[in-house]
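Open the model in a viewer and keep the selection panel at hand. The stops below can be taken in order.

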Amino acid sequence: MPDLDLIIRNARVATASDTFHCDIGIRAGRIALLGEGLPAGLREIDAAGRTVTPGGVDAHCHLDQPMEGPAKMADDFLSGTRSAACGGTTTVIPFAAQAKGESLAAAVQDYHGRAEGKASVDYAFHLIVSDPTPAVLTQELPALIAQGYTSFKVYMTYDDLKLDDGQMLDVLDVARQHGALAMIHAENADCIEWLTKRLEAAGRTAPRWHAHARPMLVEREATHRAISLSQLVDVPILIVHVSGREAIEQIRWARSHGLSVFAETCPQYLFLTAEDLGIDDSYHGARCICSPPPRDKANQQVIWDGLADGLFTVFSSDHAPFTYEGSDGKKPGGEEVAFRHIPNGIPGLETRLSLLYSEGVLGGRITLQKFVELTSTNPAKAYGLHPRKGTIAVGGDADLVVWDERDFTLRNGQLHHAVDYTPYEGMRLKAWPALTLLRGETVWDGQSFTGKAGRGKFLPCGTPTLLPRRS
Ligand code: DUC
Ligand code: ZN
Ligand code: ZN
């Protein structure tokens with residue numbers, strides 16, 4: 001048997017089901033052996049006293065996604081995947097977005113061009129379906145699902161992306177027929193527009209009013225409608241970026257009626273509140289504008305409860321990076337604009353794992369197993385990448401994070417994204433990756449990014465494996 005390329009000795013290995021002590025033997029980028037006292041490898045790393053988890057799978061992030069000008073995402077695949085690696089994430093699943101009037105296949109081709117030669121961690125694509133023409137429904141979407149794009153997002157809000165209920169039913173039906181997973185952005189577009197106009201008429205256009213234009217009610221209504229549409233079609237769905245109690249109540253209702261409704265939440269709903277958008281008319285709060293908006297402390301607790309008790313399947317960043325100072329970011333054209341015109345989204349790819357590990361695991365709110373399940377194993381299963389990704393098992397890719405448990409104060413200067421702020425500036429955190437391995441290669445050594453642009457591979461996705469196969 002050829003030598004092992006690398007051995008991680010004395011690791012405290014955590015998977016979604018167990019924690020155990022062993023050596024991890026790596027050959028040709030994959031985990032070849034798990035055991036005690038493995039024979040010497042060509043290279044060895046001592047992980048004594050350290051926890052080792054699977055590399056993170058961030059199943060909801062936006063990188064270099066084309067926008068209507070002047071807004072432009074700050075991170076492309078170069079800076080975005082570098083940032084991912086330094087935060088312990090080894091697989092990202094951003095979105096190939098169809099513009100209305102555009103072919104879906106053209107969007108995918110364009111997006112491959114954006115990733116190739118730049119990605120330093122592995123990547124797959126979700127689709128965004130914004131124009132479900134007959135050709136998209138009957139030809140393009142089924143063909144793309146067969147080629148490994150097995151999940152797509154649909155929006156119930158945003159003028160350039162939203163689908164009406166009939167269109168939602170049509171795309172859900174394609175998901176059912178072809179075994180894809182539909183991800184739903186659930187907010188009621190007409191209510192948001194009505195509220196926005198009233199706020200504008202009253203001169204309430206500062207960033208903080210964004211949260212008033214998108215209250216929990218609009219998310220709750222759309223969540224319930226999405227559940228009803230999926231029930232009509234009889235297909236599982238995943239509700240993305242769930243922000244608080246009322247949406248969770250709808251999902252619990254669906255589950256109690258036997259419906260396969262999965263849910264995702266994100267760091268902003270645990271660590272930010274609407275007050276971060278401003279308590280007066282200052283523009284600083286533009287940094288934290290995202291949709292749905294962060295809620296309040298009580299809703300944060302409900303999200304923690306949902307993470308601990310299994311309501312949530314996936315914990316993603318929804319990284320949507322815009323600079324604060326740049327003229328293509330939160331100040332379009334260099335101006336402080338009304339909240340309606342501020343690009344939605346905050347950075348979070350690099351901080352996702354550390355935030356949840358620090359406050360969730362080390363804060364005593366969730367188990368280490370739950371952490372692995374939410375940040376790695378379940379996203380890999382939901383999007384058909386497991387067991388190659390998302391676990392520590394013989395035969396799987398050697399994507400690993402060795403954790404350094406120490407207190408520090410988070411500063412944007414230590415992050416590797418191309419955004420000029422982090423919403424979590426000054427937070428006291430308790431852990432950060434000491435080492436990130438992508439298929440056995442060090443991409444973050446605890447001090448520096450050591451990955452290489454172009455080393456990240458495109459991953460065609462298989463059928464989601466969260467549910468038993470339908471016959
Ligand atoms: N909301 C989204 O739906 N996508 C990107 C960022 C955001 O805030
Ligand atoms: Zn969304
Ligand atoms: Zn998003």
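Select aspartate 131 first, together with its contacts (heavy atoms within 4.5 Å): leaving aside neighbours within four places in sequence, these are Gln98, Lys100, Gly101 and Val136. This is a predicted model, in which local features need pLDDT of at least 70 and side-chain atom pairs count only at pLDDT 80 or more, while totals for chains, interfaces and linings use all residues. Residues are numbered from 1 along each chain as its sequence is written, and side-chain values use heavy atoms, with hydrogens and water left out.

Stay on aspartate 131, which sits in the loop between β10 (126–128) and α3 (134–146); helices (H or I, at least four residues) and strands (E, at least two) are DSSP runs, numbered from the N terminus. Aspartate 131 counts as buried because its relative accessibility is 19%, where buried means under 20% relative accessible area, exposed over 50% and partly exposed in between (1.4 Å probe, protein chains only). Draw a distance from a polar atom of its side chain to the backbone nitrogen of glycine 101: the value is 2.6 Å. A C-alpha to C-alpha distance of 7.2 Å separates aspartate 131 from glutamine 98, 33 residues apart along the chain.

Next, select threonine 91 in strand β7 (residues 89–92). With 0% relative accessibility, threonine 91 counts as buried. Beyond four places in sequence, its contacts include Gly56, Val121, Lys389, Asp399 and Leu459.

Lys389 and Asp399 also belong to the lining of the largest cavity, with Pro54, Gly55, Arg388, Gly390, Thr391 and Asp397. On a 1 Å grid over the protein atoms alone, a cavity is a set of points where a 1.4 Å probe fits but cannot get out, and a pocket is an open set with protein on both sides within 12 Å along at least five of seven lines; lining residues have an atom within 4 Å of a point.

For the largest pocket, of about 1300 Å³, select Met67, Tyr158, Asp159, Asp160 and Leu161, which lie nearest its centre among 50 lining residues. Elements giving two or more residues to this lining are β8 (95–97), α2 (104–115), β11 (151–155) and α5 (189–201). The largest share, 5 residues, comes from α5.

Finish at β17 (residues 428–438) and β18 (residues 441–444), which pair in the antiparallel sense over 3 bridges; pairing requires at least two bridges found by DSSP. Leucine 438 has glutamate 441 of β18 as its bridge partner. The two strands form a hairpin with 2 residues between them, and arginine 439 in the turn has a positive phi of about 45°.

Note on methods. Chains lettered and ligands numbered in written order. Polar contact = N/O pair within 3.5 Å; in protein donor to acceptor, adjacent residues only side chain to side chain. Points joined across faces, edges and corners; volume = space filled by probe spheres on them.
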